[in-house]
Amino acid sequence: KSQLQKFLFGKFGAELGIKPSYWFDLYIYDIDLMILLHPYDDRGMDVVGANKLMLKKLYKQYNNWLLKYDIEAMRQWFDSL
């Protein structure tokens, strides 16, 4: 956890031309929360996992940050929980 900020900075820096930067896929998994994060570029990240309650909490908290192209599918899925 102590190095997480460095990895995220390096991953996002690659998209923005900032050095140092890393050109690799970064996946972050929290075993306790059962959540996987995949920051793909400076626009955001994918969040997946088996912890439905945590996913719903993130969905509600960051709803205005979500991409609109699949928001209806997410809305239906989270409304069913």
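Of the 81 residues of the protein, 21% count as buried, where buried means under 20% relative accessible area, exposed over 50%, and partly exposed in between (1.4 Å probe, protein chains only). The model is predicted: local features need pLDDT of at least 70, side-chain atom pairs count only at pLDDT 80 or more, and totals for chains, interfaces and linings use all residues. Residues are numbered from 1 along each chain as its sequence is written, and side-chain values use heavy atoms, with hydrogens and water left out.

**Confidence**

- The average pLDDT of the protein is 89, and 99% of the residues score at least 70; pLDDT is the predictor's confidence in each residue, from 0 to 100.
- Among the elements, the lowest mean pLDDT (85) belongs to helix α1 (residues 4-16), and the highest (95) to helix α2 (residues 52-61).
- Where pLDDT is low, the predicted coordinates should not be read in detail.

**Overall architecture**

- The protein has three helices and three strands; helices (H or I, at least four residues) and strands (E, at least two) are DSSP runs, numbered from the N terminus.
- Starting at the N terminus, the order of the elements is α-β-β-β-α-α.
- The C-alpha trace spans about 45 × 30 × 20 Å along its principal axes.
- The protein exposes about 6,400 Å², and 60% of this is supplied by carbon and sulfur atoms; accessible areas come from the Shrake-Rupley method with a 1.4 Å probe, and for residues only the protein chains shown count as cover.
- Of the contacts in the protein with a separation of 6 or more, 18% are between residues 24 or more positions apart; contact means heavy atoms within 4.5 Å.

**The largest pocket**

- The largest pocket holds about 1,000 Å³ of space. On a 1 Å grid over the protein atoms alone, a cavity is a set of points where a 1.4 Å probe fits but cannot get out, whereas a pocket is an open set with protein on both sides within 12 Å along at least five of seven lines; lining residues have an atom within 4 Å of a point. Grid points are joined across faces, edges and corners, and a volume is the space filled by probe spheres set on the points.
- Its lining comprises 29 residues, of which L37, M45, D46, V47 and L58 are the closest to the centre of the pocket.
- Two or more lining residues come from each of α1, β1 (28-30), β2 (35-41), β3 (44-49), α2 and α3 (71-79).
- By class, the lining has 22 nonpolar, two polar and five charged residues; Ala, Val, Leu, Ile, Met, Phe, Trp, Tyr, Cys and Pro count as nonpolar, Asp, Glu, Lys and Arg as charged, and the others, Gly among them, as polar.

**Individual residues**

- A14 lies in helix α1 and counts as buried because its relative accessibility is 8%.
- Not counting residues up to four places away in sequence, A14 touches S21, Y22 and W23.
- K19 and P20 are joined by a cis peptide bond, with omega about 0 degrees; P20 lies in the loop between α1 and β1.
- M34, in the loop between β1 and β2, has a phi near 60 degrees, a positive value in a residue other than glycine.
- With a relative accessible area of 36%, M34 is partly exposed.
- H38 lies in strand β2 and is buried, its relative accessible area being 14%.
- Apart from neighbours within four places in sequence, H38 is in contact with D25, L26, Y27, G44, M45 and D46.
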